[in-house]
Amino acid sequence: VKLAQQIVPQLEARDNAPEGLIGEIDYFDLVSNLQPKDMVICRTTAPLIKPAFECVRIGMKAIIRSDIEKQLMDLIARFDTDNLQEFIINLDEYFHFEYLKKMDLGKEMQAELLKDRVDTIHFIIQEGGGIHSVWDLKKKIKSIFGESEDGIIFSSVHKAKGLEAERIFILRPDLMPHKRA
């Protein structure tokens, strides 16, 4: 609560709340310190993907909670191809055009949200394993985003509102509050 009060001073702890511990952990030590029921939160989704995949690789269940699943699927649906290489080229061309257009119109937050979606897709393709087509990409996206709470929860700050965990790790605190919010 004391850490959060630096951003929202009027925030108060519940009655009889136990004292928490605030500490820092090196990014490279994060995964080895995580336990089931821990929560890792970040302002944007893309930074959550890599540590979630690292957990899965070492046999730990990881769930990514984010509003981004539908947005990723909608973005993928813009391109009428199952060829992964063609999709990547089309996605990158679309991103460069749309990002600059949104920035020119003063819609910085929309531009950053688009960047987060595109970065997330790229990371899933690179690290997801076994993705050889757009169909594989869609299947992977559906498998990693969910509402379950069994395992380590990786969540956008927005999706974490109202949730609790014994241990919460903040990934990329430099993004909170977001510079374009």
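Which element gives the most to the lining of the second largest pocket? Good morning, colleagues. The answer is α6, with 5 residues. Please bear in mind throughout that this is a predicted model.

Let me stay with that pocket for a moment. The second largest pocket holds about 340 Å³ of space. Its lining is made up of 17 residues, and those nearest the centre are Arg43, Thr45, Leu113, Ser156 and His158. Besides α6 (108-127), the elements giving two or more residues to this lining are α4 (68-77) and α8. By class, the lining of the second largest pocket contains 4 nonpolar, 7 polar and 6 charged residues.

I turn now to the largest pocket, whose volume is about 2,400 Å³. It is lined by 46 residues, and Val1, Leu3, Ile22, Ile168 and Ile170 are the closest to its centre. At least two lining residues come from each of α1 (2-5), β1 (39-42), α8 (157-160) and β4 (168-170). Of the elements, α1 gives the most to this lining, namely 4 residues. Here the lining divides into 28 nonpolar, 6 polar and 12 charged residues.

Let us return to α6 and consider the helix itself. How far apart are its end C-alpha atoms? They are 28 Å apart, and this agrees with expectation, because 20 residues at 1.5 Å a residue should span 28 Å. After α6 comes Gly129, which has a positive phi, near 70°.

Several residues of α6 are buried, among them Ala111, Leu114, Val118, Ile121, Phe123, Ile124 and Ile125. The buried set also includes charged side chains, such as those of Glu112, Asp116 and Arg117.

In soluble globular proteins, nonpolar side chains tend to be buried together. In this model, the largest nonpolar core has 43 residues. Those with the most contacts inside that core are Val40, Phe87, Ile121, Ile124, Leu137, Phe145 and Phe154.

Finally, I would like to look at Ile124 in more detail. Setting aside neighbours within four places in sequence, what is Ile124 in contact with? Its partners are Ile49, Phe53, Leu72, Ile131, Leu137, Lys140, Ile141, Ile144 and Phe145. Of these partners, Leu137 and Phe145 are also listed with the residues that have the most contacts inside the core. Thank you for your attention.

Methods:
Residues are numbered from 1 along each chain as its sequence is written. This is a predicted model: local features need pLDDT of at least 70, side-chain atom pairs count only at pLDDT 80 or more; totals for chains, interfaces and linings use all residues. Side-chain values use heavy atoms; hydrogens and water are left out. On a 1 Å grid over the protein atoms alone, a cavity is a set of points where a 1.4 Å probe fits but cannot get out, and a pocket is an open set with protein on both sides within 12 Å along at least five of seven lines; lining residues have an atom within 4 Å of a point. Grid points are joined across faces, edges and corners, and a volume is the space filled by probe spheres set on the points. A nonpolar core is a set of buried Ala, Val, Leu, Ile, Met, Phe, Trp, Tyr and Cys residues joined through side-chain atoms within 4.5 Å. Buried means under 20% relative accessible area, exposed over 50%, partly exposed in between (1.4 Å probe, protein chains only). Contact means heavy atoms within 4.5 Å. The expected span of a helix is 1.5 Å times one less than its number of residues.
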